[in-house]
Amino acid sequence: MCNEDLISVDYEVFGRVQGVFFRKYTQAEGKKLGLVGWVQNTGAGTVQGQLQGPCSKVKEMQEWLKSTGSPKSNITKAEFKNKKTVDSLKHSSFNIVK
């Protein structure tokens, strides 16, 4: 179950997720849901980051990362780890890390 505790979770998305505006769409979706965190490309061709916010909104974003992404992306899988409850948000906005 998911109450409205603030949670933090790290993610990594695999597939065709670089060069398809994945980070830009991830940032926009995160902001739309009222989440904070970050997103960046990795040297391995994946996209990784961190989400923080109310549990229900983080769950919505996790579904988006697993199945939607940017229009030209092709997601093969998304992994989530280090899920924990936090007392306060550690980020002030949702940033694209270069």
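Mentor: In this predicted model, Arg23 is found in helix α1, which comprises residues 22–32. With a relative accessibility of 21%, Arg23 counts as partly exposed, since burial would require a value under 20%. Leaving aside residues up to four places away in sequence, Arg23 touches Val39, Gln40, Asn41, Val47, Ile96, Val97 and Lys98.

One of these contacts, Asn41, lies in strand β2, residues 36–41. Asn41 is also partly exposed, at 28% relative accessibility. Its contacts, under the exclusion of residues up to four places away, are Val17, Gln18, Arg23, Thr46 and Val47.

The UniProt annotation "active site", from an unreviewed entry, covers Arg23 and Asn41.

As for the setting, the chain has two helices and five strands, which follow one another in the pattern β-α-β-β-α-β-β. The radius of gyration is 12 Å, close to the 13 Å given by the globule rule for 98 residues, so the chain is as compact as a globular protein of that length. Of contacts between residues at least 6 apart in sequence, 78% join residues at least 24 apart. Buried residues account for 43% of the 98 residues.

Conventions:
Residues numbered from 1 in each chain as written. Predicted model: local features only at pLDDT ≥ 70, side-chain atom pairs only at ≥ 80, totals over all residues. Heavy atoms only, no water. Helix = DSSP H or I, 4+ residues; strand = E, 2+ residues; numbered from the N terminus. Rg over C-alpha atoms; globule rule 2.2 N^0.38 Å. Buried < 20%, exposed > 50% of the residue type's maximum accessible area, 1.4 Å probe, protein only. Contact = heavy atoms within 4.5 Å. UniProt positions renumbered as here; feature names shortened; annotations may be inferred.
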